Amino acid sequence: MPVWREEKLCCDVLVIGGGDAGLRAAIAAKLCDTDVLLVTKMKVGSTSNTYISKAVMASIGWGPPDDNARIHMVDTVSGGRFYTIHAKVVVLATGGYAQIYLNTNNVPGINGDGQALAYDVGVPLKDMEFVQFYPTATGKRGSRLLLYERMLAQPGVVLRDAQDEDILRSYGIDDATKVTRDRLAQVIYEEMNPTKSTNQEIFMGRKALPEQKATQLTSLLPSRWWKGQKVFKVAPTAHFCMGGIVTDPSGETSLMGLFAVGEATAGVHGANRLGGNALAEIFSLGAWVGKKAALRA
Ligand SMILES: Cc1cc2nc3c(=O)[nH]c(=O)nc-3n(C[C@H](O)[C@H](O)[C@H](O)COP(=O)(O)OP(=O)(O)OC[C@H]3O[C@@H](n4cnc5c(N)ncnc54)[C@H](O)[C@@H]3O)c2cc1C
């Protein structure tokens with residue numbers, strides 16, 4: 001007896017991924033009078049409860065002997081529906097792959113699925129080692145809030161170890177405004193590396209910041225609960241992937257009809273993205289690639 005029902009869906013353009021690159025591409029393709037279907041892992045356009053629950057169900061073979069991947073799948077889909085989607089053109093907008101790192105601030109589900117799918121069908125990937133680490137993230141293992149590293153440009157704000165020593169000075173860096181994010185991330189990482197340093201924890205401290213300035217800067221703090229806090233534990237965290245799926249200038253991959261856009265792709269930002277450019281990219285190229293995908297369909 002079948003445990004699930006299979007249904008067939010047809011469309012001109014299938015967009016996979018509900019981030020802004022996917023949404024923008026879907027809108028552009030729809031404006032070109034094509035039938036568009038957008039599928040995504042999580043709630044479209046928002047982080048959903050998955051964001052805070054952090055729980056993932058999987059069966060990989062180390063649980064009870066009467067449980068296995070097949071039984072888990074049957075449990076999961078029992079009584080549910082499967083859709084087979086027939087599309088003339090597919091746009092991969094599944095984001096990057098920062099969730100493969102222990103320390104990351106990306107939402108759950110950004111696992112490089114689009115890159116894996118493209119690779120499986122023979123489409124090349126490029127620059128996969130180009131991953132940008134945000135230097136001063138907070139939270140468990142740098143998992144969430146970003147403490148704006150430009151705070152270090154303020155006199156009285158220092159990056160210090162547990163002994164209160166200014167770690168930038170010990171690297172010969174006197175002017176924090178001249179340090180790029182990647183250099184800052186390297187310095188903090190080296191200081192946290194137990195084989196190179198006795199420091200396990202690094203802090204951004206603003207004890208010496210004049211009170212008036214401190215009040216002005218509270219708007220830069222990512223949480224209102226931190227307003228009175230003077231010392232923050234920080235760590236580098238995987239933030240953005242510059243590598244990914246290789247496309248031509250229209251967003252089409254080497255497989256005709258398969259497009260990619262957004263953080264899923266390679267090459268737009270070279271080896272090190274400048275702050276703010278990702279959103280500019282996904283809005284402009286999302287529209288461009290959506291249109292090209294519609295024309296191909
Ligand atoms: C904390 C943080 C702050 C940032 N701040 C800035 C900033 O200020 N300025 C800036 O320019 N950039 C910033 N960035 C980077 C920027 O947000 C991202 O690069 C950009 O949003 C990526 O958009 P995207 O649509 O390509 O991918 P995403 O927004 O990551 O969306 C990918 C979508 O694909 C879905 N998906 C994944 N796998 C599958 C699958 N197998 N099937 C179906 N759907 C799937 C996901 O659920 C998601 O909906 C920040 C990033 C982070 C993490």
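In α1, the residues D20, A21, R24, A25, A26, I27, A28 and A29 meet I282, F283, G286, A287, V289, G290, K291, A293 and A294 of α8, where contact requires C-beta atoms, placed from the backbone, to lie within 7 Å. The residues of this contact divide into twelve nonpolar, two polar and three charged; Ala, Val, Leu, Ile, Met, Phe, Trp, Tyr, Cys and Pro count as nonpolar, Asp, Glu, Lys and Arg as charged, and the others, Gly among them, as polar.

The model is predicted, and local features need pLDDT of at least 70, side-chain atom pairs count only at pLDDT 80 or more, while totals for chains, interfaces and linings use all residues. Residues are numbered from 1 along each chain as its sequence is written.

| Class | Residues in the shell |
|---|---|
| Nonpolar | twelve residues |
| Polar | 14 residues |

Of the 30 residues around the ligand, G17, G19, A21, G95 and G262 come nearest, a residue being near if its C-beta atom, placed from the backbone, lies within 6 Å. The largest share of the shell, four residues, comes from α8.

A238 lies in strand β8, strands being DSSP runs of E with at least two residues and helices runs of H or I with at least four, numbered from the N terminus. A238 is buried, because 24 other C-beta atoms lie within 10 Å, the cut-off for buried being 20 or more. The C-alpha atoms of A238 and N106, 132 residues apart along the chain, are separated by 7.7 Å.

Notes: Two residues are in contact if their C-beta atoms, placed from the backbone, lie within 7 Å. A residue is buried if 20 or more other C-beta atoms lie within 10 Å of its own, exposed if 12 or fewer, and partly exposed in between; C-beta atoms are placed from the backbone.
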